[in-house]
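Please read this report with the chain open beside you, and look up each residue as it is named. The sections go from single residues to the wider arrangement of the chain.

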Amino acid sequence: MNFVDIAKIYVKAGNGGDGAVSFHREKYVPRGGPDGGDGGSGGNIIFVADENMSTLLDFKYMQHYRAENGENGRGNNQTGRNGADLIIRVPVGTIVRDMETCLIVADMSYPGKERIVLRGGKGGKGNARFATPTKQAPRYAQPGQKTRERRFLLELKTIADVGLVGLPNVGKSTILSVLTSARPKIANYHFTTLSPNLGVAKRYDKSFVLADIPGLIEGASEGAGLGHDFLRHIERTRVIVHVVDISGIEGRDPFDDYLQITKELASYSERLSYTPAVIAANKMDITGADENLEVFKQKLRQAGIDSPVFAVSAATNKGFEPLLDALVNMLDRIPKAYEYHEEHLPDEAPYSEPLKVKVDDDGVYVVSGGSVDYILDTTNPNDPDSMHRFQQLLIAEGIIDALRKEGVQEGDTVKMGEWEFDFVE
Ligand SMILES: Nc1nc2c(ncn2[C@@H]2O[C@H](COP(=O)(O)OP(=O)(O)OP(=O)(O)O)[C@@H](O)[C@H]2O)c(=O)[nH]1
Ligand SMILES: [Mg+2]
């Protein structure tokens, strides 16, 4: 079976390149100024809805997707090259969900739709950017922003205007082939169709997308048999055509079949019970169908079901005009296919923990979170300028205040990351 409609993949946008620490060098020119360039930004992860794709099969074989990292900055004020974006093509109707947060980050609902789902890390600033009139030779630069790998769940929920739904062998695929130029496999055995087929049906100047959904069976909504896998493809159709085999040739009662299917749909998703529906009573060419149709209609009336019934024969291509007219009319009045609300993943924030001061058992004041990592990353302890900036940052970023609040005294030990130093007023 080549049809896959669910897949898990690993995705990572590119890291930002590091800013460079470098100084201008030229013969006979001593003490050149800082000329470390910025790092390039990492590549984005972009999803594109491709109408020529119909399955997520490729993602079973290839599960890791990484956009290129940004290049590090270089001396002579050379900015690192940006990492290339990575484009991931998926079938139209694919929903992309972040598995950690469960957020739907993209609904690839129409052909050609493009979504940047993960942004590459920003490049770090080179030391040239840290130069000021008072600090002319900064020996520090900013590291690039590192991105995290994420796990995405891809789920294909076919988008069609009208879905043909029914038990196996009732003639759904035959109807699709009569109404559209699609050529699905048709055969006189159950579960001939193993994946949704799409076609474009036309009526005068109107057209709509028709989907032939594989046959459902009882218990499908609880996961029994093949049927369950396909319920997700019905979720987004705007109108449902219940196809029943009115000939009763397989010894089944079309009314029972109809009830069974509506029950399965409703227990899969409540929304499906509100999807507008019509009934196509197929195989009218077979002897006895006329009488069965009357009985069927009567049972519907008794049950208070008012879905319109259209008597058709896919084998002889009869009775479809009124059905098409009804579908076109309904579609005119029904809003577009249901689209999921897309949410943004929280920004990659490498320095996002709140600032915290903790006194450990040895009386050491341990500072973490806030801009601590950023400050450490951009400080060069062997450079007096850099250390001066460090002290100013401790004040500007509220770290000194936070330490005082915890009761720090002159001479106490303060620890930040791997660094330890004495607190001096
Ligand atoms: N006599 C007659 N036979 C039909 C008609 N429509 C379909 N059939 C036959 O019924 C059988 C099943 O048709 P399909 O179109 O494959 O049925 P399906 O609903 O797609 O079946 P699954 O894919 O298994 O769910 C085939 O042998 C068709 O030729 C019809 O209007 N009249
Ligand atoms: Mg079929």
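## A residue in strand β10

Ala201 has its place in strand β10 (residues 197-203), where helices (H or I, at least four residues) and strands (E, at least two) are DSSP runs, numbered from the N terminus. This is a predicted model, in which local features need pLDDT of at least 70 and side-chain atom pairs count only at pLDDT 80 or more, while totals for chains, interfaces and linings use all residues. Residues are numbered from 1 along each chain as its sequence is written, and chains are lettered from A and ligands numbered from 1 in the order in which they are written.

Is Ala201 buried or exposed? Ala201 counts as buried because it has 23 C-beta neighbours inside 10 Å; a residue is buried if 20 or more other C-beta atoms lie within 10 Å of its own, exposed if 12 or fewer, and partly exposed in between, with C-beta atoms placed from the backbone. Not counting residues up to four places away in sequence, Ala201 touches Leu179, Thr180, Ser207, Phe208, Leu210 and Leu324, where contact means that the C-beta atoms of two residues, placed from the backbone, lie within 7 Å. Thr316 is 115 residues from Ala201 along the chain, and their C-alpha atoms are separated by 18 Å.

## Domains and nonpolar cores

The chain is divided into domain 1 (1-156), domain 2 (162-333) and domain 3 (356-422), with bounds that come from an automatic or database domain assignment. Taken over C-alpha atoms, the centres of domain 2 and domain 3 are separated by 70 Å.

A nonpolar core is a set of buried Ala, Val, Leu, Ile, Met, Phe, Trp, Tyr and Cys residues joined through C-beta atoms within 7 Å. The largest one has 70 residues, of which Leu164, Val165, Leu210, Ala280 and Ala281 touch the most other members. Helix α4 (residues 254-268) gives the most to this core, with five residues, and the core draws at least three residues from each of domain 1 (1-156) and domain 2 (162-333). Apart from it lies another core, of nine residues, among them Tyr365, Val367, Ile399 and Val414.

Helix α4 has 15 residues and reaches 21 Å from its first C-alpha to its last, close to the 21 Å expected at 1.5 Å a residue, the expected span being 1.5 Å times one less than the number of residues. The buried residues in α4 include Phe255, Tyr258, Ile261 and Leu265.

## The shell around ligand 1

How many residues surround ligand 1? There are 24, and the closest are Gly171, Ser173, Thr193, Gly215 and Ala315; a residue is near the molecule if its C-beta atom, placed from the backbone, lies within 6 Å of it. Helix α2 (residues 172-179) provides the largest share of this shell, three residues.

Thr413 has its place in strand β17 (residues 413-416), and it counts as partly exposed because it has 15 C-beta neighbours inside 10 Å. Leaving aside neighbours within four places in sequence, Thr413 is in contact with Val364, Tyr365, Glu420 and Asp422.

Asn76 lies in the loop between β3 (64-66) and β4 (86-91), and has a positive phi of about 65 degrees although it is not a glycine. Asn317, in the loop between β14 (309-311) and α7 (320-333), has a positive phi of about 50 degrees although it is not a glycine. Asn317 is partly exposed, because 14 other C-beta atoms lie within 10 Å.
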